[in-house]
Amino acid sequence: MKKIIYQFFLVGSVVLIGTSCKKNITDLNTDPTLPSEMTSAALFSNASVNISDLLASTNVNTNNFRLFAQYWTETIYRDETRYNLNQRSIPDRWWAAFYRDVIRDLARASEIAPTETATLSAAEIKNRNAINELLIVYSYYHLLTTFGNVPYSEALDIEKPAPKYDDASEVFGKIAVRLNDALAALDNTVGGYGSADVIMHDNIDGWIKFANSLKFKMGMLIVDSDPSAAQALITSSAANVIAGNDENIQMNYLSSPPNTNPVWEDLIQSGRTDFVGTRLFIDSLKAYNDPRLSLYFDPAVNTGSFTGQNPGNSASAFNNYSLPSAKVSSQTAPHVFFSYAEMELLKAEAVERGIAVGGTAEEHYNNAIDASIEQWGGSPADAAAYRAQPSVAYATASGDWKQKIGLQSWFAYYNRGYDGWTQYRRLDYPNLVVPFLGAVQPFADGETPDVIKRMTYPVVEQNLNKDNYDAASTAIGKDWITQKLWFDKF
């Protein structure tokens, strides 16, 4: 049957009515300016940028981990520093960003890549799917260490709108298997994503370093909760992790929007000046004469000195405190996924735990300090002078190995809030403080106030997936911000 479409054209004050016949009216729903099919390359690039931006961001609606690790605090809007997670639906946004904006795109890319045989060889398709797997594992690592039990076996299943939650330790074991399989599948004699690879720029050897560094880090995460599995991950990867600052794995942002550093977008482009260094962090850097202080922060405008604010304290003029430095907030400042300093700190810890990774704890500790200072723009002489201080030297610094390595990890992980917070949860050092809460009461009835150990489950899950939410909350202990997760045994 013919369909009649009336078209109205307004010319001056005269309305003209025309008719036309069209057999395939559904063609009107097709936008000729948009591609009808998505490529695996486009999905991968999108997921890569999304995960980097998510971890680099300072957006209080999503990423507050610099506040949780007490690198920064807020001078005006202090709800996030005070652990008020639900006013801005922070857990919901963090959760959705990984599942919707990263994992789903990567899973879809893995479905599409095998169909692209007209342009890709079998080996290239295999590399693409292995790289997708690496970022999926990396994403689940963050979900598991943020919340505990999460949907996995039924995640992204359109037939399961209310997915069950899987045990975190079991999921961790499964993603470790996926990581090993992906690492074994990588072939450095061919490419992968070509110019669409915005992280490694089609350097498959770089992805092999990424996989081994992630494997090593995952092993160290569970070293207290599953020592045998941890040792297998650590010893099989230690020799192949990042071995110098020139191998640091990072997203290199550009000087022009929309591909600029999210910190620049959040602070400079948006004109925000309410994030300042904490007193605890700045005073600690000062106490150890740390050359990174002036690389991490600018002096306070009103005093010319490096000054921090107590987390959660009443609002006061930001000009009284030290703002993040231009090195942190420049348009091109990179987001670091893995660094040499990080690997060396983890190796120092592994040696102290009796795990064979080569070298001594002191050697790895010294390498980490040198790498971190030089990564931020300090000189080898700066690093040597810093390490020569009895308060810093491994043999004479105060505290046990956890305190020594924990302190230097805290310093080195600056601007990587999530990793700094996770390392604190593992080593329980330095001694972070419960922020000043004011009228905010983020702790549940019966919950003892403490530094945040996890984010609570999204409110949308509590409302729309209640049975599975209740089961997961009971399984992990309590859906509290002070509930330690499975890897955090001490």
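1. A crossing of two helices is left-handed if the near helix is turned anticlockwise from the far one by less than a right angle. In this predicted model, the crossing of α1 and α4 is left-handed, and the crossing of α1 and α3 is left-handed as well.

2. The packing of α1 against α4 involves residues 40-56 and residues 122-147 respectively, with axes that come within 11 Å and cross at roughly 25°. Because angles under 35 degrees count as roughly parallel, α1 is to be described as roughly parallel to α4. On the α1 side the contact is made by Ser40, Ala41, Phe44, Ser48, Ile51 and Leu55, and these meet Arg128, Ile131, Asn132, Leu135, Tyr138, Ser139 and His142 of α4. Sorted by class, the residues of this contact are seven nonpolar, five polar and one charged.

3. Helix α1 also packs on α3, here at an angle of about 155° and with the two axes 8 Å apart. Since angles over 145 degrees count as roughly antiparallel, α1 is roughly antiparallel to α3. The residues that α1 brings to this contact are Ser40, Leu43, Phe44, Asn46, Ala47, Asn50, Ile51, Leu54 and Leu55, while α3 brings Trp94, Ala97, Phe98, Asp101, Val102, Asp105, Leu106, Arg108, Ala109 and Ile112. The contact of α1 with α3 divides into 13 nonpolar, three polar and three charged residues.

4. Helix α3 itself deserves a check of its geometry. At 1.5 Å a residue, its 23 residues (90-112) should span 33 Å, and the C-alpha atoms at its ends are 32 Å apart, which agrees with that expectation.

5. The contact joins Leu345, Ala348, Glu349 and Glu352 of α12 to Trp401, Ile405, Gln408, Ser409 and Ala412 of α15, and its residues comprise five nonpolar, two polar and two charged.

6. Two cis peptide bonds should be noted when the backbone is inspected. One joins Pro257 and Pro258, with omega of about 10°, and Pro258 lies in the loop between β4 (249-251) and α8 (262-269). Another runs from Tyr429 to Pro430, with omega near 5°, and Pro430 is found in the loop between α16 (417-427) and α17 (459-464).

7. Where does His201 lie? His201 belongs to the loop between α5 (168-185) and α6 (204-221), and its phi is near 55°, which is a positive value in a residue other than glycine.

Notes: Residues are numbered from 1 along each chain as its sequence is written. This is a predicted model: local features need pLDDT of at least 70, side-chain atom pairs count only at pLDDT 80 or more; totals for chains, interfaces and linings use all residues. Side-chain values use heavy atoms; hydrogens and water are left out. Helices (H or I, at least four residues) and strands (E, at least two) are DSSP runs, numbered from the N terminus. The expected span of a helix is 1.5 Å times one less than its number of residues. Axes are lines fitted to C-alpha atoms, for helices over the stretch in contact, and angles run from 0 to 180 degrees between N-to-C directions. Angles under 35 degrees count as roughly parallel, over 145 as roughly antiparallel, 65 to 115 as roughly perpendicular and the rest as oblique. Contact means heavy atoms within 4.5 Å. Ala, Val, Leu, Ile, Met, Phe, Trp, Tyr, Cys and Pro count as nonpolar, Asp, Glu, Lys and Arg as charged, and the others, Gly among them, as polar.
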